[in-house]
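This report describes a single protein chain through its sheet, ring contacts and salt bridges. The sequence and structure are shown first.

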Amino acid sequence: VFSSVREFGTFRKSDNPILRALLSDYTFSSITQINSGVPYTATVGADLNNDQNIFNDRAPGTVRNQFRVRTFWQSDLRITRLFRLGETMRLRLIVEGFNLTNRTNVLAPNINLYSGFTGPAAGPLTLTRPTGINQFALPRTFFSSREFQLAVKFDF
């Protein structure tokens with residue numbers, strides 16, 4: 001995670017009062033998060049070992065942490081403009097952008113390589129591969145797409 005804040009005070013490189021007022025009191029903040037893909041294990045949506053837990057049984061032929069989610073990359077930026085209103089009051093105009101690169105970041109893939117199905121009258125367990133949007137390794141949860149927001153804060 002990289003985080004930075006750069007604050008620009010009063011602009012003094014010009015004698016023009018309008019230019020000085022326009023270019024004074026800005027703050028630029030950014031946060032960038034990059035991390036390698038998180039490992040995960042292929043599971044079966046059934047209780048193969050009869051321990052009363054259907055969430056911890058590995059798929060046959062796989063090992064623990066065999067698969068990885070793709071790399072996570074996100075950059076956020078905030079620009080704040082401060083207006084001083086007397087000695088004790090301030091008005092801040094804020095523009096924020098999240099996920100500026102608009103990258104699709106997967107938070108959680110479908111880890112079920114097989115779904116367990118028990119036949120009529122608790123018959124033998126059969127394993128089937130999920131299809132469609134429930135397919136193994138497809139994302140279940142995404143991190144949000146690019147977003148912008150505006151804010152106004154009044155301090156007194």
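Strand E2 (residues 26-35) runs antiparallel to E1 and is joined to E1 by seven bridges. Strands here are DSSP runs of E with at least two residues, helices are runs of H or I with at least four, and both are numbered from the N terminus. Two strands are taken as paired if DSSP finds at least two bridges between them. Across this pair, phenylalanine 8 stands opposite tyrosine 26 in E2.

The model is predicted: local features need pLDDT of at least 70, side-chain atom pairs count only at pLDDT 80 or more, and totals for chains, interfaces and linings use all residues. Residues are numbered from 1 along each chain as its sequence is written, and side-chain values use heavy atoms, with hydrogens and water left out.

**Confidence**

The predictor's confidence in each residue, pLDDT, runs from 0 to 100. The protein chain averages 87, and 94% of the residues score at least 70. Where pLDDT is low, the predicted coordinates should not be read in detail.

**The sheet**

E1 and E2 belong to an open sheet of five strands with antiparallel pairing, in the order E1-E2-E6-E7-E12. Strand E1 (2-8) and strand E12 (147-155) are at the edges with a single partner strand each, so one side of each has no neighbour in the sheet. On average, neighbouring strands of this sheet are turned by 15 degrees against each other, direction ignored. The axes behind this angle are lines fitted to C-alpha atoms, for helices over the stretch in contact; angles run from 0 to 180 degrees between N-to-C directions.

**Aromatic rings**

How many aromatic pairs does the structure hold? There are six aromatic pairs. Rings of Phe, Tyr and Trp (its six-membered ring) pair if their centres lie within 6.5 Å; planes under 30 degrees apart count as stacked, over 60 as edge-to-face and the rest as tilted. Phenylalanine 67 and phenylalanine 136 form an edge-to-face pair, because their planes are at 75 degrees, with the ring centres 5.1 Å apart. This pair links distant parts of the chain, 69 residues apart: phenylalanine 67 is in strand E5 (residues 67-68), and phenylalanine 136 is in the loop between strand E10 (125-128) and strand E11 (139-142).

Accessibility classes are set by relative accessible area: buried is under 20%, exposed over 50%, and partly exposed in between (1.4 Å probe, protein chains only). Phenylalanine 67 is partly exposed at 24%, whereas phenylalanine 136 is buried at 16%.

Phe8 and Tyr26 also join Phe28 in a cluster linked by ring pairs. Two arginines are placed over rings of this cluster. A charge sits over a ring if NZ of Lys or CZ of Arg is within 6 Å of the ring centre and within 35 degrees of the ring normal. Arginine 6 lies over the face of phenylalanine 8, at 4.4 Å from the ring centre, and the charged end of arginine 81 sits over the ring of tyrosine 26, 5.2 Å from its centre.

**Salt bridges**

A salt bridge is a side-chain nitrogen of Lys or Arg within 4 Å of a carboxyl oxygen of Asp or Glu; the count comes to four. The table includes three of them.

| Salt bridge | N to O distance |
|---|---|
| Aspartate 25 and arginine 84 | 3.5 Å |
| Glutamate 96 and arginine 78 | 3.4 Å |
| Arginine 90 and aspartate 155 | 3.3 Å |

Aspartate 25 forms its salt bridge with arginine 84. Aspartate 25 lies in the loop between helix H1 (17-22) and E2, and arginine 84 in strand E6 (residues 72-85), so the pair ties together parts that are 59 residues apart in sequence. Aspartate 25 is buried, with a relative accessible area of 15%, while arginine 84 is exposed at 54%.

Glutamate 96 meets arginine 78 in a salt bridge. With glutamate 96 in strand E7 and arginine 78 in strand E6, the pair ties together parts that are 18 residues apart in sequence. Glutamate 96 is buried at 13%; arginine 78 is partly exposed at 27%.

Arginine 90 meets aspartate 155 in a salt bridge. Here arginine 90 in strand E7 is linked to aspartate 155 in strand E12, 65 residues apart.

**Positive phi**

Asparagine 99, although not a glycine, has a positive phi of about 55 degrees. Asparagine 99 lies in the loop between E7 and strand E8 (106-109) and is buried, with a relative accessible area of 0%. Asparagine 102 likewise has a positive phi of about 55 degrees and is placed in the loop between E7 and E8, but asparagine 102 is partly exposed at 37%.
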